[in-house]
Amino acid sequence: MQRTQRLDARRSEGKELNPLEKRLLERLVQRQGSIIELTEQIASDLQQQMAPPEGPEIVPKEPEGENSPSETSPGEGG
C-alpha cells in the first residue's frame, strides 16, 4: 500500500512516471481491487451465515397426553 501511495503521490505532484512505474502502479491497483472484492465477498458470506433462516418460524409442540386438559388420566372418570 505504501508503494501505491508513493507512486500515486508522485503522479499527483505532476511528476511523470516512467513505464515501469506505471505498470507497477497498475498492478498494485489491480491487486488492491482484488483484495477489496474478496473482503466484500467474505463479509457477505458471513452476514448470510449469521442471518436468521428464512421462512416460517418453527415452534415446538407440547407433548400430548401429559398434562392435556382434554384427556383423562387412567383411573379418572369413565
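What is the handedness of the crossing of helix 1 and helix 2? Good morning, colleagues; I shall take that question first. The crossing of helix 1 and helix 2 is left-handed, a term that applies when the near helix is turned anticlockwise from the far one by less than a right angle, the clockwise case being right-handed.

The model is predicted: local features need pLDDT of at least 70, side-chain atom pairs count only at pLDDT 80 or more, and totals for chains, interfaces and linings use all residues. Residues are numbered from 1 along each chain as its sequence is written, and side-chain values use heavy atoms, with hydrogens and water left out.

Let me turn to the geometry. Helices here are DSSP runs of H or I with at least four residues, numbered from the N terminus. Two packed helices are described by the angle between their axes and the distance between the axes. For helix 1 and helix 2, the axes come within 10 Å and cross at roughly 130°. These axes are lines fitted to C-alpha atoms over the stretch in contact, with angles from 0 to 180 degrees between N-to-C directions. The two helices are therefore oblique to each other; that class takes what remains after under 35 degrees (roughly parallel), over 145 (roughly antiparallel) and 65 to 115 (roughly perpendicular).

Next, helix 2 itself. It comprises residues 19–50, and at 1.5 Å a residue its 32 residues should span 46 Å, in agreement with the 47 Å between its end C-alpha atoms. The expected span is 1.5 Å times one less than the number of residues.

Which residues of helix 2 are buried? They are Glu 21, Leu 25 and Leu 28, where buried means under 20% relative accessible area, exposed over 50%, and partly exposed in between, with a 1.4 Å probe and protein chains only. Their cover includes helix 1, residues 2–12.

Finally, some individual residues, with contact meaning heavy atoms within 4.5 Å. Glu 21 counts as buried because its relative accessibility is 16%. Beyond four places in sequence, Glu 21 contacts Leu 7, Arg 10 and Glu 16.

Leu 24, also in helix 2, is partly exposed at 31%. Leu 24 and Thr 4 lie 20 residues apart in sequence, yet 8.5 Å apart in space, C-alpha to C-alpha.

On the helix 1 side, Arg 3 is partly exposed at 43% relative accessibility. With residues up to four places away not counted, Arg 3 touches Leu 24 and Leu 28. Arg 3 and Leu 28 are separated by 25 residues in sequence and by 8.2 Å, C-alpha to C-alpha.
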